[in-house]
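Student: I would like to go through this structure with you and ask, at each step, what a given term rests on.
Tutor: Gladly; here is the structure, and we can begin with the chain before turning to single elements.
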Amino acid sequence: MEQCDPERPMYGFTVAAAVQAVPSARRQVTALVGELGFSLSDETLETVELLASEVIANAVLYSAAPCDVAVTRTDERLRVEVTDTASSLPSAVGAGPNDECGRGLLLVDALADAWGVQPNPPGKTTWFEIAPEPLTMSSGRDSTGAPSSGAAAARRTDREDGMESQAKTRAPSAPASAGQRQQAA
């Protein structure tokens with residue numbers, strides 16, 4: 001996989017139109033995080049993997065076609081973009097306690113620092129961004145040795161306290177279009 005622009009390094013690949021391709025694709029996203037030079041805590045890397053899985057699964061399920069994934073470094077954030085051919089824009093739905101689906105975008109909204117959807121004819125690009133938290137001396141502990149709560153927990157708390165999402169206050173930027181594409185199994 002090759003970078004396209006040293007100012008905005010990006011890697012991309014294509015995911016087959018099959019739900020079975022999602023686990024491999026989410027692992028590929030997390031592998032690319034290291035290629036972009038991010039050092040993320042295990043907790044943040046798990047969050048990236050979860051959110052990538054949700055957004056990629058939605059693209060595959062609702063478009064019934066392959067989707068393109070771009071993993072980009074923007075300023076100091078990690079950005080994952082998933083472009084599919086379905087023109088309908090996703091929306092969070094209220095899932096009941098016994099429903100097996102319908103919570104993916106709620107997770108994205110709760111855990112991402114920013115996210116959004118941009119029409120990209122013939123379909124759309126759904127993206128999310130994660131700002132890496134500073135790594136501590138030992139995993140899960142701050143410099144004093146006390147357990148740390150992590151930035152992901154702080155992001156969740158901010159949203160629960162009613163702070164407005166950055167995605168709602170900022171216009172989505174254009175999706176990345178460059179970078180070498182590879183097929184994910």
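Student: What share of the contacts in the chain with a separation of 6 or more comes from residues 24 or more positions apart?
Tutor: This is a predicted model, and in it residues 24 or more positions apart account for 69% of those contacts. A contact here requires heavy atoms within 4.5 Å.

Student: In what order do the elements of the chain run?
Tutor: From the N terminus on they run β-α-α-β-β-α-β-β-α-α-β, and the chain has five helices and six strands. Of its 185 residues, 41% count as buried, while the chain exposes about 9600 Å², of which carbon and sulfur atoms supply 51%.

Student: Why is Val 55 called buried?
Tutor: Val 55, which is found in helix α2, has a relative accessible area of 5%. Buried means under 20%, and therefore Val 55, at 5%, is classed as buried.

Student: Which residues does Val 55 touch, not counting those up to four places away in sequence?
Tutor: With that exclusion, Val 55 touches Val 82, Val 108, Thr 126 and Phe 128. Val 55 and Thr 125 are 70 residues apart in sequence, yet their C-alpha atoms are 9.9 Å apart in space.

Student: How do helix α2 and helix α3 pack, and what is the hand of their crossing?
Tutor: Helix α2, residues 42–63, and helix α3, residues 104–111, pack at an angle of about 145 degrees with their axes 9 Å apart, and the crossing is left-handed. On the α2 side the contact is made by Thr 47, Leu 50, Leu 51, Glu 54, Val 55 and Asn 58, and on the α3 side by Gly 104, Leu 105, Leu 107, Val 108 and Leu 111.

Student: What makes up this contact of α2 with α3 by class?
Tutor: The contact has seven nonpolar, three polar and one charged residues. Glu counts as charged, so Glu 54 of α2 is the charged residue in this contact.

Student: How do you know that β4 and β5 pair, and in which sense?
Tutor: Pairing asks for at least two bridges, and strand β4, residues 114–120, meets strand β5, residues 123–130, over seven bridges; therefore the two strands count as paired, and the sense is antiparallel. Gln 118 stands opposite Thr 125 in β5, and β4 and β5 form a hairpin with two residues between them.

Methods
Residues are numbered from 1 along each chain as its sequence is written. This is a predicted model: local features need pLDDT of at least 70, side-chain atom pairs count only at pLDDT 80 or more; totals for chains, interfaces and linings use all residues. Side-chain values use heavy atoms; hydrogens and water are left out. Axes are lines fitted to C-alpha atoms, for helices over the stretch in contact, and angles run from 0 to 180 degrees between N-to-C directions. Helices (H or I, at least four residues) and strands (E, at least two) are DSSP runs, numbered from the N terminus. A crossing is left-handed if the near helix is turned anticlockwise from the far one by less than a right angle, and right-handed if clockwise. Buried means under 20% relative accessible area, exposed over 50%, partly exposed in between (1.4 Å probe, protein chains only). Accessible areas come from the Shrake-Rupley method with a 1.4 Å probe; for residues, only the protein chains shown count as cover.
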